[in-house]
Each structure stands twice: as C-alpha cells, then as structure tokens.
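Me: I'm new to this one and would like to go through it slowly. Can you take my questions as they come?

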Amino acid sequence: MVAAGTVLQGQDASIVYWDPRNPVAPLRKHNETHSDDVTTVRFSRMGSEEILLSASTDGLLCTSNPTEDDEDEAGINVGNWGCSIAKAGWIAGGGSVQAWARSDMETVSLWSGEVMILSMVRGLC
C-alpha cells in the first residue's frame, strides 16, 4: 500500500491510499482526519497490523488503520500539539513504539504509542 497526504483543497485535506499494483484509481480516501495541509504520512507495523502516522499543519498527530475503508472506524488515536507540525516519524525500540514530531517553529515533541505528549525539547531541528 502507498499513502500520500494532500494540501488543503477547499475544505478538505486528504490522505489517499493506493495499491501500487493498480495505481490508476485510489483504494480509499480519508478526508476528515486533518483540517489543513497533511505534512507527513508514515507506516509502521505493530504486531501483524499496519498503522499509519499522519501529521498536519492543523497541529494534529494521528494514528489510523490504513486498511479500513470507513474513516470513522480507521482512527486509532489523535494528539493535538497546538502548533503546526512540519514533520513526524516513528521511533521503534525497547519494546515500545513512540513518535516524534517537529513543529514549524523548530520545537520537537516525543509521543507515546497512545499519542500522548511525553516531552518537548525547544530549539532542535
């Protein structure tokens, strides 16, 4: 599966999913996960399940099930950092899964697998 995020188009910013074996039409589109430009989409495997981490300039860091067609059912967790997120990614190791996020203002946050703020470090890129 391949995923991409879009910039805000009208009132929608979407996460679009494709099967690379048939890229002509998207498999699904989630339009309500974020309300502004999607800046990051990153896959991770937790056990036998794929999880998608997405971040946006709306300040939300979200985890979702990329194989779920119903967007309401796809959402797993949402964290609101309260500032525009420029980049985000996964940190794996030590038996736990965490995510990091970097704001447009060059602050960094670490989030647990449940998408709760662990700490913020100012001034890092």
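This is a predicted model: local features need pLDDT of at least 70, side-chain atom pairs count only at pLDDT 80 or more; totals for chains, interfaces and linings use all residues.

Me: How many disulfides does the structure hold?
Reply: The structure holds zero disulfides. In general, a disulfide is a covalent bond between the sulfur atoms of two cysteines.

Me: OK, new topic. In what order do the strands of the open sheet run?
Reply: The open sheet is made of four strands in the order β4-β5-β6-β7, and their pairing is antiparallel. The edges are taken by β4 (38-46) and β7 (75-80), and because each has a single partner strand, one side of each is left without a neighbour in the sheet. From one strand to the next, the twist averages 15°.

Me: How many bridges link β4 and β5?
Reply: There are eight bridges between β4 and β5, the latter covering residues 49-56, and the two strands pair in the antiparallel sense. Within this pair, R42 stands opposite L53, which belongs to β5.

Me: What about rings, how many aromatic pairs are there?
Reply: The count of aromatic pairs comes to zero, going by a rule that asks for ring centres within 6.5 Å.

Me: Then what sits over the ring of Y17?
Reply: That is the charged end of R28, which lies 5.8 Å from the centre of the Y17 ring.

Terms used
Residues are numbered from 1 along each chain as its sequence is written. Side-chain values use heavy atoms; hydrogens and water are left out. Two strands pair if DSSP finds at least two bridges between them. Axes are lines fitted to C-alpha atoms, for helices over the stretch in contact, and angles run from 0 to 180 degrees between N-to-C directions. Rings of Phe, Tyr and Trp (its six-membered ring) pair if their centres lie within 6.5 Å; planes under 30 degrees apart count as stacked, over 60 as edge-to-face and the rest as tilted. A charge sits over a ring if NZ of Lys or CZ of Arg is within 6 Å of the ring centre and within 35 degrees of the ring normal. A disulfide is a pair of cysteine sulfur atoms within 2.5 Å.
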